[in-house]
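Reader: I would like to learn how to read the contact between two chains, and then the packing of elements inside one of them. Could we work through the features one at a time?

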Amino acid sequence: MNGVIGRLDAVGLRYGKAVALDDVTLDLPAGCMAGVIGPDGVGKSSLLALVSGARAVQAGRVTVLGGDMGDALHRDAVGPRIAYMPQGLGRNLYPTLSVFENIDFFGRLFGQDRAEREARIASLVAATGLAPFVDRPAGKLSGGMKQKLSLCCALVHDPELLILDEPTTGVDPLSRRQFWELIARIRAGRPGMSVLVATAYMEEAARFDWLAAMDGGKVLATGSPAEILARTGTTTLEAAFVALLPEARRAGHHPVHIQPFEDGQGEAAIEARGLTMRFGDFTAVDHVSFRIRRGEIFGFLGSNGCGKTTTMKMLTGLLPASEGEAFLFGSPVDATDIETRRRVGYMSQGFSLYGELTVHQNLDLHARLFGLPSATIPGRVAEMARRFDLTAIMDALPDALPLGQRQRLSLAVAMIHGPEMLILDEPTSGVDPVARDDFWRILIELARRDRVTIFISTHFMNEAERCDRISLMHAGRVLVSDTPAALVARRGVATLEDAFIRYLEDATAQQASVATPPPIVAGHAPRRGFDPRRMLSYSRREAIELARDPVRATLALLGSLILMVIMGYGITLDVENLTFAVLDRDQTTVSRDYTLNVAGSRYFTERAPITDHADLDRRMQSGEITLAIEIPPGFGADVARGRPTAIGAWIDGAMPSRAQTIRGYVQAMHAQWLEQRAARSSTPSASALFSIETRYRYNPDVRSLVAMVPAVIPILLMLIPAMLTALSVVREKELGSIVNFYVTPVTRLEFLLGKQLPYLVLGMVNFLLMVGLALTLFDVPLKGSFWTLAAATLLYLGAATALGLLASTFLKSQVAATFGTAVMTILPAVQFSGVINPVSSIEGVGALIGRIYPTAHYVTIARGTFSKALNFADLHTPFLALALAGPVLIALSAMLLRKQER
Amino acid sequence: MRLANVGNLGVKELRSLLRDPIMLVLIAYSFTVAIYAAATAVPETLTRAAIAIVDEDRSPLSARIAGAFYPPYFLPPVMITAAEMDARMDAGHDTFAIDIPPDFQRDMLAGRQPAIQLNVDATRMSQAFTGSGYIQTIISDEVTAFAQRYRAVATPAVDLALRARFNPVLEEAWFGAVMEVINQITMLSIVLAGAALIREREHGTIEHLLVMPVTPLEIMLAKVWAMALVVIVATAVAITVVVQGLLGVPIQGSVPLFLAGAAVHVFATTAMGIFLGTVARSMPQFALLLILVLLPLEMLSGGTTPRESMPVFVQVVMLAAPTTHFVMLAQGILYRGAGFSVVWPQFVALAGIGAVLFGVALARFRATIGQMA
């Protein structure tokens with residue numbers, strides 16, 4: 001070992017109350033394969049994230065490559081010398097991008113030119129055996145291939161320190177072996193490279209040069225595998241790890257003993273014949289057949305995505321089989337058969353109980369749903385709690401429990417109704433060895449004592465060895481079924497893993513690729529400061545993703561048009577076709593003349609006359625008429641003699657704005673009628689003193705659409721681009737690919753502008769579509785300069801997308817981003833920006849928002865160009881405001897955006 | 001179908017909701033603060049309208065006219081020259097510009113019937129109509145009062161006794177408050193039901209339910225009753241405490257009858273929420289879909305603008321939406337004091353739409369459980 005590549009000094013890390021790392025002090029050796037081992041949730045990933053610089057240091061000091069990782073300058077300097085492959089299959093990859101595009105994206109981020117990128121990609125895909133699949137989207141690769149691609153992306157810039165977080169979890173043994181061979185070849189080609197790996201597979205850790213065993217946020221022991229075995233006096237790392245655990249944790253732990261299975265009667269509990277499942281062109285399960293006897297523990301062994309889960313779902317009736325038959329207890333599986341469900345217990349992959357219900361409530365609910373008699377439920381729940389050791393945690397919420405306890409709860413729930421068969425889908429993944437052994441002891445007891453048939457899937461070899469019989473699965477097919485011992489014997493190898501690899505090699509006829517490792521090209525330091533190429537790299541990637549995501553793309557374009565139609569008609573302020581009826585108690589020519597005057601208006605539609613006051617009440621209550629006019633008896637005679645009289649008019653006040661308009665109409669028509677009468681009788685009246693000429697400017701017909709369309713476009717161009725931009729960043733946070741931003745040389749501004757650009761273009765397309773719709777469907781003319789409007793739109797979209805970016809700096813989930821941006825845009829845009837009420841009539845906070853919010857200024861420009869025939873010269877004030885908004889918001893986002901996870 | 005399952009699953013929904021602080025805050029906010037804010041934020045139709053006057057007469061009468069415009073209806077008038085008028089209106093500074101011609105007072109008294117020009121920015125629809133009506137009345141009153149000092153003017157013999165029923169002073173807050181309650185009912189029932197389904201799918205718990213002896217119908221009914229109960233209770237609180245209490249809006253009709261109507265409406269909208277939950281593959285898609293569905297449901301239901309003013313095809317299409325009938329029902333009961341004898345057609349329509357939506361959602365739910373699991 002030649003020196004130290006990284007050093008942790010009293011490092012602590014907390015997520016809220018949970019302690020991930022507890023005062024860890026550790027030296028990481030350079031130039032070798034260093035491993036961090038331990039089950040899930042002990043702090044391995046946190047440690048690696050700190051070393052890579054992806055996560056911010058909270059307490060203590062992390063020194064990597066000769067500098068403090070808490071120092072941003074040092075991080076920027078050494079970032080390009082480190083490669084980080086986060087946990088999860090292909091978590092830092094972009095599923096819709098092809099293999100080539102993924103590696104290319106990383107190459108661009110490290111400032112490589114086209115020729116260099118192509119040369120590097122060619123050698124990397126050749127070395128990893130991905131060459132035939134360069135055009136396949138990353139999302140459609142198998143788990144093993146995804147990990148190889150991730151590795152290519154990590155190696156594209158010749159790192160000195162390669163950090164791999166559980167690179168082989170959930171990958172089949174052959175791919176796993178190939179992966180380690182690949183790493184070994186690469187290390188042979190680049191002897192100076194240090195590799196730091198976290199893994200939960202003790203077998204692979206045995207081959208590393210140096211190990212750190214971790215548990216509960218602390219390092220238990222360090223040293224070479226041989227040293228650790230010697231110190232604990234054990235023969236396997238798994239046993240060594242258990243021995244290293246503190247006394248309290250391994251209390252009561254003893255190795256699992258399996259009583260042999262005695263096949264009493266040959267009756268089959270589960271039988272599958274040619275079971276097949278197709279999803280479109282993809283065959284997930286391909287003619288799988290097996291037979292499981294009652295009381296047997298039968299294992300399904302295979303990688304992620306090989307069809308184990310799908311097969312189990314077909315057996316439970318969750319998925320109808322495309323072909324083939326399955327029998328439970330001799331009768332065909334039928335999804336509608338409620339009775340069979342009572343005889344089966346199912347535990348799905350991952351924890352799937354109600355996290356919001358306590359342990360007790362979960363058990364109780366499932367007991368009730370399985371229809372246990374209510375008198376027996378408390379007893380049964382207590383019995384399960386005792387048997388699965390849950391008594392102490394009955395009132396706890398499952399989310400707060402360690403994984404091992406949650407798995408016991410899941411098993412208790414699956415057993416609550418005393419089923420004769422258990423179907424368990426990877427029940428122990430991520431559980432530490434002690435808890436896993438406890439779990440297996442319960443399973444063996446259930447199988448042997450209660451003769452419960454157990455069908456279990458796993459990707460752990462040592463668990464598969466405990467099954468009575470196993471099936472090896474790969475790519476939807478069962479390769480072979482037999483007892484573990486027989487399989488090992490048949491292939492003449494030492495371990496089950498070797499046997500599995502032989503079967504896989506036979507099945508895939510694939511030889512481990514022997515391409516030469518990629519040559520080391522002289523690396524060059526990436527440019528510091530702003531680099532347009534890195535920015536465009538993000539834009540390019542975003543654009544490709546958007547183009548390949550039909551839901552988002554359609555919504556972005558079609559959604560705005562749909563909303564424009566809805567809002568164009570929805571926010572109409574025209575009040576027309578109002579219904580009215582008359583209670584005419586006069587019935588003279590004069591009263592009829594008055595009625596005709598109202599009925600003749602284009603605003604009113606007459607309904608059947610009102611018969612009496614009760615009728616008037618009823619019809620107004622039901623909303624059938626919005627205006628009722630009562631003409632008193634003797635009206636005609638009074639008018640003729642000039643005696644004072646009065647017309648009664650009732651307006652439906654339920655909708656105040658409509659009522660206001662009706663009141664205006666009625667007053668005007670009343671005045672008009674009086675004027676006509678006056679003209680006929682030539683008596684002077686007030687209206688004759690002077691006249692008012694009203695000119696409705698910009699919109700002479702006073703059409704609502706002319707007023708609303710130029711205001712709806714700004715609302716939609718704010719809402720949709722802001723939301724899509726915010727989602728594009730938050731999506732990366734949720735899916736995990738944001739880590740690429742943390743660990744590559746891309747700067748905040750490059751990242752933000754790169755994300756913004758595609759949505760700016762999309763927004764402009766949207767704008768053109770909406771203007772087209774305005775001119776055609778809505779028949780609203782664009783009187784002013786189109787280019788002025790287009791230029792303003794570009795500035796406005798810059799501000800809208802920047803607002804989305806700003807929101808994305810503090811919103812964490814996609815749902816929060818959707819609602820958060822909706823709140824940040826809809827209210828200010830609709831209420832305070834002069835869309836309905838002019839900004840000048842708004843008071844208080846609203847008035848302040850209305851003065852600075854970009855929509856207010858863009859509404860002025862949109863109305864000016866659409867309706868008022870204005871040009872740039874008339875609109876420079878709002879232009880100036882718009883031009884400022886975008887850069888200010890971007891600067892604010894760049895300040896708030898974090899280049900590390902906290 | 002076993003009622004016990006529906007009951008147990010429904011209780012589970014309520015327990016889950018109780019432990020979801022974000023949803024609880026959203027519900028509490030929607031039915032209190034949001035309603036209060038919406039009701040009080042809506043300005044009266046004509047508030048602080050910007051007005052400018054070009055006084056070319058400079059007579060006592062023109063000064064009297066200019067002095068007649070004051071808040072809250074109008075901002076204090078800005079006195080401008082004829083040359084400034086167009087530019088100011090172009091820039092959107094003024095909604096109204098009044099031009100009083102030279103010698104207006106003299107001509108008027110001489111009986112030469114001079115004309116005042118009133119310019120209205122008709123791109124500001126909300127103020128244009130009502131405002132010009134107000135302005136005409138104000139000028140007319142001022143001129144008549146002024147003229148009466150010099151000569152006799154006949155008052156019209158026929159008076160118009162104009163009264164607004166159900167809301168005599170036409171307070172916008174009354175309308176805004178109740179319509180906001182309706183919008184929140186619709187939104188929350190869709191969100192709660194849809195999100196509950198998607199959450200179960202994302203957590204894998206739906207898979208668990210489906211291997212147990214419960215049917216899709218039972219699962220759906222449980223979600224409907226539990227979410228409906230939450231929404232109805234919240235509505236009752238909102239109507240009695242916020243609308244009647246805090247905002248002091250008089251409710252004409254029977255609140256229990258309205259709640260019964262709301263229950264039928266929520267039956268329809270929760271079914272719609274479940275349907276959307278089966279269409280959307282994830283929460284983000286559900287959220288985007290929700291915006292596309294919720295906006296037309298709320299904006300075109302007649303709760304924002306009068307139905308009769310919409311194009312006929314929109315009116316017809318919107319008859320299929322539960323919100324249209326619910327708005328009619330709510331306006332009838334709450335504003336106009338209508339009883340069941342008046343609003344029964346809306347109950348029937350809502351129940352019909354609800355049954356169809358529930359049927360479609362159930363069929364879709366059954367068909368997609370395979371893909372969900």
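Author: In this predicted model, the contact between the chains draws 110 residues from chain A and 103 residues from chain B. On the side of chain A that touches chain B, helix α24 (residues 656-681) gives the most, with 12 residues, and that side as a whole divides into 55 nonpolar, 38 polar and 17 charged residues.

Reader: In which sense do strand β25 of chain A and strand β4 of chain B pair?

Author: Strand β25 (residues 691-697) of chain A and strand β4 (residues 115-121) of chain B pair in the parallel sense, over 7 bridges. Arg697(A) stands opposite Asp121(B), which belongs to β4(B).

Reader: How is chain B divided into domains?

Author: Domain 1 of chain B takes in 3-42 + 171-372, whereas domain 2 covers 51-148, and the C-alpha centres of these two domains lie 48 Å apart.

Reader: At what angle do helix α1 and helix α10 of chain B pack?

Author: Helix α1 (residues 3-18) and helix α10 (residues 216-246) of chain B pack at an angle of about 50°, and their axes are 8 Å apart. Because of that angle, α1(B) is oblique to α10(B), and the crossing of the two helices is right-handed.

Reader: Which residues of α1(B) and α10(B) meet?

Author: Those in α1(B) include Val6(B), Leu9(B) and Leu14(B), while those in α10(B) include Ile219(B), Trp225(B) and Val230(B). The residues of this contact of α1(B) with α10(B) divide into 11 nonpolar, 2 polar and 3 charged.

Notes. Residues are numbered from 1 along each chain as its sequence is written. Chains are lettered from A and ligands numbered from 1 in the order in which they are written. This is a predicted model: local features need pLDDT of at least 70, side-chain atom pairs count only at pLDDT 80 or more; totals for chains, interfaces and linings use all residues. Domain bounds come from an automatic or database domain assignment. Two residues are in contact if their C-beta atoms, placed from the backbone, lie within 7 Å. Helices (H or I, at least four residues) and strands (E, at least two) are DSSP runs, numbered from the N terminus. Ala, Val, Leu, Ile, Met, Phe, Trp, Tyr, Cys and Pro count as nonpolar, Asp, Glu, Lys and Arg as charged, and the others, Gly among them, as polar. Two strands pair if DSSP finds at least two bridges between them. Axes are lines fitted to C-alpha atoms, for helices over the stretch in contact, and angles run from 0 to 180 degrees between N-to-C directions. Angles under 35 degrees count as roughly parallel, over 145 as roughly antiparallel, 65 to 115 as roughly perpendicular and the rest as oblique. A crossing is left-handed if the near helix is turned anticlockwise from the far one by less than a right angle, and right-handed if clockwise.
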